Amino acid sequence: MITRVFSVRVWAPVGVLTSLAYCVHQRRVARAETPGAPGQRPVDRSLLELKMVQVVFRHGARSPLKPLPREQAEWNLQLLEVPPQTQFDYTVTNLAGGLKPHSPFDSQYRKTVLKGGMFAGQLTNVGMQQMFALGQRLRKSYVEDIPFLSPTFNPLEVFVRSTNIYRNLESTRCLLAGLFQSQKEGPIVIHTDEASSEVLYPNYQNCWSLQERTKGRRQAACLQPGISEDLQKVKEGMGIASNDGVDFLSLLDNVAAEQVHSLPSCPTLRRFAQMIEQRAVDTALYVMQREDRESLQMAVGPFLHILESNLRKVMDPATAPGKTRKLYLYAAHDVTLMPLLIILGIFDHKWPPFAVDLTMELYQHRESKEWFVQLYYRGEQVPKGCPDQLCPLDKFLNTLSAYTLSPEKYHTLCSQAHVIELGDGE
């Protein structure tokens with residue numbers, strides 16, 4: 001996740017849990033017909049044609065972003081050895097196809113050297129293997145079970161975008177290696193943006209209004225009843241001073257990273273691991289305040305606009321050939337996925353784990369020409385959010401419309417003038 005994404009400071013992250021859930025394609029087409037919602041006729045799934053897939057995923061397992069006081073886990077350089085099967089050459093450009101932008105996040109991470117020699121926030125070989133496995137699962141779904149994608153990477157079929165952070169770029173490489181078995185018909189280009197204007201995560205640097213609305217909320221969350229007492233309990237067990245700034249987000253970041261790498265961990269962290277995750281979720285929800293629609297809009301509204309635009313281009317008969325792709329891949333972060341899941345009504349109150357994916361499939365009915373969307377989270381059909389899991393596209397877009405922001409609306413909502421007009425925004 002992104003450094004201090006849940007606070008006002010710009011360059012600082014959070015992080016967390018573990019691996020992937022696998023699923024076979026037969027579960028995707030479990031029934032030939034899906035009973036419709038009241039007033040909606042059944043849909044014969046055998047007549048649905050897959051038109052496009054969009055996958056938003058979190059990077060693989062990594063080292064912590066900031067070590068805890070008195071923690072003894074060693075992050076040895078052997079964890080950086082690249083599994084041979086994940087090798088896959090790629091280049092990185094900005095959104096216009098120019099040179100790769102500078103990454104202030106990576107520059108900041110390199111200033112923190114962990115015990116054992118690794119830098120903060122580095123993708124490990126465990127994370128690389130997780131992403132390769134995710135790619136293999138996508139290959140089974142969209143190459144083997146359904147001949148939707150070519151078995152080798154084809155730039156005319158696949159568009160790839162990532163935040164400009166090295167662990168995300170490398171995670172994308174590993175996913176593509178698993179998806180296409182390191183075979184390609186053309187160059188692999190990963191598109192990225194300047195950190196100052198990136199929309200694949202809540203951008204507190206670019207959105208002054210979002211920064212003002214959330215200012216102080218992360219610290220205030222630690223003082224909430226229940227959270228405060230539990231935090232003090234964990235700190236006392238670890239021998240950490242009560243005023244050192246450690247909160248549940250930083251605790252979860254460390255315990256999750258240690259667990260997924262099977263590293264020796266502080267007994268207190270192991271004992272309270274489940275409680276730490278839940279309190280980290282509580283902290284994040286307090287910061288985001290899901291009833292604050294404008295904050296959710298500013299957090300992921302521009303990204304939703306991109307996802308929506310991709311859907312509309314495919315269904316628009318006026319779209320020129322070559323202007324759409326079959327597969328869109330977006331390498332994002334846990335702080336991206338959490339608000340997306342909340343908006344879609346499918347958040348399970350668990351922290352989005354390493355290498356998790358949210359997949360959106362677009363179908364067209366061969367006879368009626370109607371359009372439908374199917375969502376998957378962690379490889380499983382989403383049980384909520386849409387009636388019978390299959391959403392008529394117009395209803396799905398209507399759900400998104402309350403949160404989607406065009407670049408122009410995003411700029412207006414994020415401006416200092418907007419905050420002055422509304423007051424302090426708290």
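Biologist: How many helices and strands does the protein chain have?
Modeller: The chain has 14 helices and 11 strands. Helices (H or I, at least four residues) and strands (E, at least two) are DSSP runs, numbered from the N terminus. This is a predicted model, where local features need pLDDT of at least 70, side-chain atom pairs count only at pLDDT 80 or more, and totals for chains, interfaces and linings use all residues. Residues are numbered from 1 along each chain as its sequence is written, and side-chain values use heavy atoms, with hydrogens and water left out.

Biologist: Which residues have the most contacts inside the largest nonpolar core?
Modeller: Those are Phe248, Leu251, Ile276 and Phe396, in a core of 65 residues. A nonpolar core is a set of buried Ala, Val, Leu, Ile, Met, Phe, Trp, Tyr and Cys residues joined through side-chain atoms within 4.5 Å. There is also a second, separate core of 37 residues, which includes Phe57, Val158, Cys174 and Leu179.

Biologist: Why would such side chains sit together?
Modeller: In soluble globular proteins, nonpolar side chains tend to be buried together.

Biologist: New topic: how many aromatic pairs are there?
Modeller: The structure holds 6. Rings of Phe, Tyr and Trp (its six-membered ring) pair if their centres lie within 6.5 Å; planes under 30 degrees apart count as stacked, over 60 as edge-to-face and the rest as tilted. One of them joins Phe153 and Phe180, edge-to-face, with 5.6 Å centre to centre and 85° between the planes.

Biologist: Where do those two sit in the chain?
Modeller: Phe153 is in the loop between α2 (125-144) and β5 (158-162), while Phe180 is in helix α3 (residues 166-180), 27 residues apart. Phe153 counts as buried at 1% relative accessibility, and Phe180 is buried too, at 0%.

Biologist: And why is the pair of Phe159 and Tyr328 called tilted?
Modeller: Their planes are at 50° and their ring centres 5.9 Å apart, so the pair is tilted. Phe159 lies in strand β5 and Tyr328 in strand β7 (residues 327-332), so the pair ties together parts 169 residues apart in sequence.

Biologist: Is Phe159 buried or partly exposed?
Modeller: Phe159 is partly exposed, with a relative accessible area of 22%, whereas Tyr328 counts as buried at 5%.

Technical notes. Buried < 20%, exposed > 50% of the residue type's maximum accessible area, 1.4 Å probe, protein only.
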